[in-house]
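This briefing is meant for someone opening the entry for the first time. Please keep the sequence and the model side by side while reading, and follow the topics in turn.

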Amino acid sequence: MARYGGIDLGGTKIQAVVVDEQHEVLGDSRVPTPTEGGPADVTLAMVGAVRDAAEQAGVAPGGLDAVGVGSPGAVDDEAGTVTSARNLPDWEGSYPLAEKLEAALAAPIALSNDVNVATMAEFELGAAKPFRSLLGVFWGTGVGGGIVFDGALWEGRGAAGEIGHMVVKSDGRRCPCGRIGCMEAYAGRGAMETRAREKVDDGEKTVLFKIMEERGRARLSSGIWSRALDRHDKLAKHLLDQAVEAIGVAVASSVNLLDVEAVIIGGGLGLRLGEPYVEKIREATMPHLFTDYRPPAILLASLGDLGGAIGATLLAADKAPAPA
Ligand SMILES: [Zn+2]
């Protein structure tokens with residue numbers, strides 16, 4: 001019986017799982033991503049999370065057949081390196097992540113881009129299982145996208161799927177990427193926080209930052225946005241409505257170009273706000289859809305928080321040595 005590990009390396013948390021051949025989760029562990037130290041410290045935290053998940057799954061140290069990793073940044077599986085991983089501490093240059101993990105975990109390591117991993121997880125095991133073509137939209141700090149055509153991931157020259165940087169307003173707001181009018185400038189949680197702070201400076205009232213303090217957070221997490229909605233916060237609702245409108249425009253434009261069968265909405269904010277916001281995104285998409293008599297299925301990601309890590313186990317299964 002093979003046992004595979006999967007790691008979703010994120011800016012705030014590292015999620016690890018251990019699964020069997022049917023990709024059933026046998027153990028899982030989550031640790032905060034170190035905020036200082038650099039790649040070596042992040043790697044140590046990843047090793048700890050995998051060992052923890054393996055122990056829960058009853059797998060001895062070194063007993064995993066392979067481990068997959070979904071990582072931000074520029075990922076080169078052949079070289080085993082991750083370069084300039086955004087949101088990770090001091091991760092500017094190229095780091096030999098596969099070699100370091102392989103040494104610590106005594107298993108072959110497979111690396112891929114985090115968004116592509118999450119897209120393939122929904123395609124093979126999640127909400128997009130019935131479909132052959134798909135656009136995955138991961139709504140969190142930024143907004144990432146993944147594309148599947150005819151059963152295979154489309155990576156372009158390595159950077160396909162950047163739906164967050166699709167232009168939704170040519171003279172619009174400045175995006176965290178530095179350009180003007182990107183969808184992420186309206187919908188990314190990071191950009192929304194910046195906007196909320198500007199509004200507060202202009203004298204607008206909101207409970208967003210009060211909730212942040214109450215919960216001892218340094219950032220407006222997805223949970224804080226959701227709680228502000230529960231408290232009928234006008235600014236939170238207004239900014240989220242603008243985010244939904246921008247996502248709707250970008251999704252409709254993508255579908256007009258690609259004509260995929262399904263759009264899956266995931267990511268921290270997407271999962272937290274759930275079906276009511278997927279419905280809002282459907283409504284925001286429709287007016288801009290060229291073939292509006294035949295819209296794509298727009299669905300909530302079904303693998304939840306573990307989706308990225310489970311997706312990484314798919315990479316691991318491909319990388320594992322064939323049984324003798
Ligand atoms: Zn941008």
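Predicted model: local features only at pLDDT ≥ 70, side-chain atom pairs only at ≥ 80, totals over all residues.

With a relative accessible area of 61%, Asp-150 is exposed, and its phi is near 45°, a positive value in a residue other than glycine.

**A second residue with positive phi**
- His-232 is not a glycine either, yet it has a positive phi of about 55°.
- The residue belongs to the loop between helix H7 (222-230) and helix H8 (234-258), and His-232 counts as exposed because its relative accessibility is 70%, where the cut-off for that class is over 50%.

**The zinc site**
- Which residues coordinate the zinc ion? The donors are His-165, through ND1, together with Cys-175, Cys-177 and Cys-182, each through SG, at 2.0 to 2.4 Å.
- Along the chain, these donors of the zinc ion follow the spacing H-x9-C-x1-C-x4-C.
- His-165 and Cys-175 both lie in the loop between strand E11 (152-153) and helix H4 (184-187), so the pair ties together parts that are 10 residues apart in sequence.
- The arrangement around the zinc ion is tetrahedral because the four donor atoms subtend angles of 103 to 116°, and the ideal angle for four tetrahedral donors is 109.5 degrees.
- Is His-165 buried, exposed or partly exposed? At 28% relative accessibility, His-165 counts as partly exposed, whereas Cys-175, at 4%, counts as buried.

**Domains**
- The chain is divided into domain 1, made of 4-117 + 306-319, and domain 2, which covers 129-302.
- Between the C-alpha centres of domain 1 and domain 2 there is a distance of 26 Å.

**Helix H10**
- Helix H10 covers residues 307-319, and at 1.5 Å a residue its 13 residues should span 18 Å, which agrees with the 19 Å that separate its end C-alpha atoms.

**A three-stranded sheet**
- Three strands form an open sheet with antiparallel pairing, and their order is E5-E6-E7.
- The edges of this sheet are strand E5 (74-76) and strand E7 (94-95), each of which pairs on one side only.
- Strand E6, residues 81-83, pairs with E7 in the antiparallel sense over two bridges, and Thr-83 has Ser-94 in E7 as its bridge partner.

- Ser-71 is a residue of strand E4, and it counts as buried because its relative accessibility is 1%.
- Which residues does Ser-71 contact once its neighbours within four places in sequence are left aside? Its contacts are Leu-9, Val-82, Ser-112, Asn-113 and Asp-114.

How values were computed: Residues numbered from 1 in each chain as written. Heavy atoms only, no water. Donors = N, O, S within 2.8 Å, 3.2 Å for Na, K, Ca; no water. Tetrahedral: all angles 85-135°; square planar, octahedral: opposite > 155°, others 65-115°. Helix = DSSP H or I, 4+ residues; strand = E, 2+ residues; numbered from the N terminus. Buried < 20%, exposed > 50% of the residue type's maximum accessible area, 1.4 Å probe, protein only. Expected span 1.5 Å × (residues − 1). Domains from an automatic or database assignment. Pairing = 2+ DSSP bridges. Contact = heavy atoms within 4.5 Å.
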